[in-house]
Amino acid sequence: MNTLAAPTTVKLDELITAVRGAVARDAGQRDTASYVADALHKHLPPPELLTADQLAGERGTSSSHRLHVEPDGSFSMVAIVWRPGALTRVHDHVTWCVFGVLAGVEHEDLYELSEDGTILTEVGSNANRTGEVSGFAPPGDIHRVRNISDETAISLHIYGTDLRRVGSSVRRFYDLPTN
C-alpha cells in the first residue's frame, strides 16, 4: 500500500477532481486530451507521490503504479518510473493519453505508419522535462518512450479508459522497419 503524505494526497485528490471536470465536458478524444492536459498542468503532483520501494529497480527497466481508476471507468491514472536505459516498444493507444513529467526527462520518438502499413517513418522526437505536460489521441499516436539519461525519470499518465478492465493502454505494437 502506498502511504502518501497528506499534502501529496490532497494534490492527487485535486487532480482527480479536475480531470473529472475535464472528462465531463463530453468532448471528442482530442479535445478531451487537451482539457485533461490543462487540468494536469494546473495540478501536477510532486514525485514524492511514490514510495522509495516504488522508485527502486534495475537499470533499463520501467515500472507502472496505478494511482486511480475512476469508478465509472472514464479514466485511469498511472505513475511510471523510467530508470536509466528504459525503453518501450513502438506502440499506439486504445484511447487518448495525457502525461506530465514529475522528475527527470522522458524522451518520446514519434512515428507515422505508411499507407500500406509496412513501414514506420520517424516524424519527430520530444524531450519532455520536469513540469511539462503533453497529450495525444488516436489516430496518429504511434510512439515509443525512453530514458536516455543517467537519472530516473517519473511521469504521470492519464488514460481515457478503465485499465482494470482493458489491462493495458496499448492498442498494438509495431515491429516494422523504420525510415
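This report walks through a predicted model, from a central strand to its cores, loops and charged pairs.

## Ground rules

Residues are numbered from 1 along each chain as its sequence is written, and side-chain values use heavy atoms, with hydrogens and water left out. Because the model is predicted, local features need a pLDDT of at least 70 and side-chain atom pairs count only at pLDDT 80 or more, while totals for chains, interfaces and linings use all residues.

Let's start with strand S9, residues 153-159. Helices (H or I, at least four residues) and strands (E, at least two) are DSSP runs, numbered from the N terminus. How many of the residues of S9 are buried? The count is 7 of 7, where buried means under 20% relative accessible area, exposed means over 50%, and partly exposed is in between (1.4 Å probe, protein chains only). Ala-153, Ser-155, His-157 and Tyr-159 point one way from the strand, Ile-154, Leu-156 and Ile-158 point the other way, and all are buried.

S9 has strand S2 (residues 76-82) as an antiparallel partner, over 7 bridges. It also pairs with strand S4 (residues 97-103) in the antiparallel sense, this time over 6 bridges. Two strands count as paired if DSSP finds at least two bridges between them.

In soluble globular proteins, nonpolar side chains tend to be buried together. A nonpolar core here is a set of buried Ala, Val, Leu, Ile, Met, Phe, Trp, Tyr and Cys residues joined through side-chain atoms within 4.5 Å. The largest one has 27 residues, and those with the most contacts inside it are Val-19, Met-77, Trp-96 and Ile-158. Helix H1 (6-23), helix H2 (29-42), S2, S4 and S9 are the elements that give two or more residues to this core. H1 supplies the largest share, 6 residues.

Which residues does Val-19 touch, not counting those up to four places away in sequence? They are Val-36, Ala-39, Phe-75, Met-77 and Ile-158, with contact meaning heavy atoms within 4.5 Å. A second, separate core of 11 residues includes Trp-82, Phe-136, Ala-153 and Leu-163.

## Loops worth a look

Asp-141 sits in the loop between strand S7 (133-136) and strand S8 (142-146). It is buried yet has no salt bridge, and the nearest side chain of opposite charge, Arg-171, is 5.2 Å away. For charge, Lys and Arg count as positive and Asp and Glu as negative; His and the chain ends are not counted. The side chain of Asp-141 does reach the backbone nitrogen of His-93, at 2.8 Å. The loop between S7 and S8 also holds Pro-139, and the peptide bond from Pro-138 to Pro-139 is cis, with omega near -5°.

Over in the loop between strand S1 (62-69) and S2 you'll find Gly-73, which is buried at 18% relative accessible area. Its C-alpha atom is separated by 4.4 Å from that of Asp-162, though the two are 89 residues apart along the chain.

Most residues other than glycine have a negative phi, and most peptide bonds are trans. Asp-26, in the loop between H1 and H2, has a positive phi of about 55° although it is not a glycine. Is Asp-26 buried or exposed? At 69% relative accessibility, it counts as exposed.

## Charged pairs

A salt bridge is a side-chain nitrogen of Lys or Arg within 4 Å of a carboxyl oxygen of Asp or Glu, and by this rule there are 8. One of them joins Glu-70 and Arg-20 (2.5 Å, N to O). Glu-70 lies in the loop between S1 and S2 and Arg-20 in H1, so the pair ties together parts that are 50 residues apart in sequence. Glu-70 is buried at 8% relative accessibility, whereas Arg-20 is partly exposed at 37%.

Arg-172 and Asp-92 make another salt bridge (3.5 Å, N to O). Arg-172 is in strand S10 and Asp-92 in strand S3, so this pair ties together parts 80 residues apart in sequence. Asp-92 counts as buried, at 1% relative accessibility. Salt bridges that share partners join Asp-92, Arg-171 and Arg-172 into one network.

Technical notes. A polar contact is a pair of N or O atoms within 3.5 Å; within protein, one must be able to donate a hydrogen and the other to accept it, and residues adjacent in sequence count only if both atoms are side-chain atoms.
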